[in-house]
Amino acid sequence: MAFQVPFVDPRKHYRNLKPLIDSAIEDCLSNGDLIDRHQLRDFEKHLAAFVGVKFAVGVSSGYHALELTLRAAEIGPGDDVITVAHTFVATISAIVNVGARPVLVDVLSDYNMDPAAFGAAITKRTKAVIPVSLNGRSCQMDRIMSIANAHNVKVIEDAAQALGAEFGQKKSGSFGLAGISSFYPFKQLPGFGDGGAVTTNDPEIARRVRLLRYNGEDRESGEYHFHGISGLLDNVLSSVLDAKLPFLPKWIEHRRAIANLYREGLQDLTDLQLPHFEEKNQRDAYQNYVVRSKHRDLLRAHLTSCGIETLVHWPKPVWRHRGLGLENPGLPETEKICGEVVSLPMSAETTEDQVEIVVAAFHDFYRSTSRVALSANQSL
Ligand SMILES: *Cc1c(COP(=O)(O)O)cnc(C)c1O
């Protein structure tokens, strides 16, 4: 189904940058630069500078960035890692797949880790915490860092949705032992397939992830130091990401402008909770524009009927997916969020006209849907 207002628009993204992207790809292909060449290292250098860390190591996905960072930090069987349940499943799967135990805590109304809940969950087994800076908003990294430091807990920031978000003077992905980014096509810096990176100031973490991502091999000596994986960031993709990176600050400004337009258009609708929170030093990058309503399902159906594509991240809590074998941690805010959130169209390509269409559809919904229907829905 072709939407009048798509959630994201990868074709338009490509059209806008076509000469640049095509020449980056052609360069690699005509020079035979296909694996682990200067394009990868150039991109890593520029990404590290953008995030404000010493090292960036490109890997095949955000998931692998998490898994390899956990392995590089020697986290495995017998260890607990605290994170949130309200995250993309990859955060939790990386913990499980290295043999550690995920301990899930609740989020605050801004969808990010409750620092007090993190502190309360720490035990002797706790080796690390993965705060997830969701939707392009940084977690409260000052509180999380000071609690973690007081208990000798390693901090690995999942900044897959927060490239360019800021906390104080620092960017997401620059806190703690390491941070991770994702270049999945819907994210701030979109790839043409999946990709990811580890960002860190720790030379040992950078060295180990570099070995682990390429079968454990030290490329200079030929020595295999670990049982690694084939998990390099693709070289052709690196060259495209490197060509796009200079546009990222402009794209983030655009997202902020779109978020402000949504705010102006929707703030009088009292049923809606908009993603504009008290600033505790955060500057949001609006990876997603998430609104919350008690009538989410009716509202979403209406938006769809108006040709507006929306997504729900995530319709049920992660522990209700039986196959994952997670215990129900009893997290009321996470549970409530799953039933109430919907993400509106938001990307570097979203236009003011599209926001107007979305805003009009919202007003139409609240005007035309009778009170009876709304309260019937609420009592379900
Ligand atoms: C996208 C995402 C990941 C994983 O990234 P991939 O590149 O898709 O593997 C991890 N955590 C969060 C919060 C994400 O949104």
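Modeller: Start with H3 and H4: their axes come within 9 Å and cross at roughly 35°. Helices here are DSSP runs of H or I with at least four residues, strands are runs of E with at least two, and both are numbered from the N terminus. Axes are lines fitted to C-alpha atoms, for helices over the stretch in contact, with angles from 0 to 180 degrees between N-to-C directions.

Biologist: What should I know about the source?

Modeller: This is a predicted model, where local features need pLDDT of at least 70 and side-chain atom pairs count only at pLDDT 80 or more, while totals for chains, interfaces and linings use all residues. Residues are numbered from 1 along each chain as its sequence is written, and side-chain values use heavy atoms, with hydrogens and water left out.

Biologist: Is the H3 and H4 crossing left-handed or right-handed?

Modeller: H3 passes H4 in a right-handed crossing. Right-handed means that the near helix is turned clockwise from the far one by less than a right angle; anticlockwise is left-handed.

Biologist: Which residues make the contact?

Modeller: H3 brings Tyr 63, Leu 66, Glu 67 and Leu 70. From H4 come Ala 90, Thr 91, Ser 93, Ala 94, Ile 95 and Asn 97. Contact means heavy atoms within 4.5 Å.

Biologist: Switching topic. How much space lies in the largest pocket?

Modeller: About 440 Å³. The search uses a 1 Å grid over the protein atoms alone: a pocket is an open set of points with protein on both sides within 12 Å along at least five of seven lines, a cavity is a set where a 1.4 Å probe fits but cannot get out, and lining residues have an atom within 4 Å of a point. Grid points join across faces, edges and corners, and volume is the space filled by probe spheres set on them.

Biologist: Which residues are closest to its centre?

Modeller: Phe 88, Gln 161, Tyr 184, Lys 187 and Trp 314, out of 25 lining residues.

Biologist: Which helix gives the most to that lining?

Modeller: H3, with three residues. H4 (89-97) and strand S8 (178-182) also give two or more.

Biologist: And cavities? How many are 30 Å³ or more?

Modeller: Three, across the whole structure.

Biologist: What lines the second largest cavity?

Modeller: Gln 161 and Trp 314 are among its lining residues. Others include His 86, His 313 and Ser 343.
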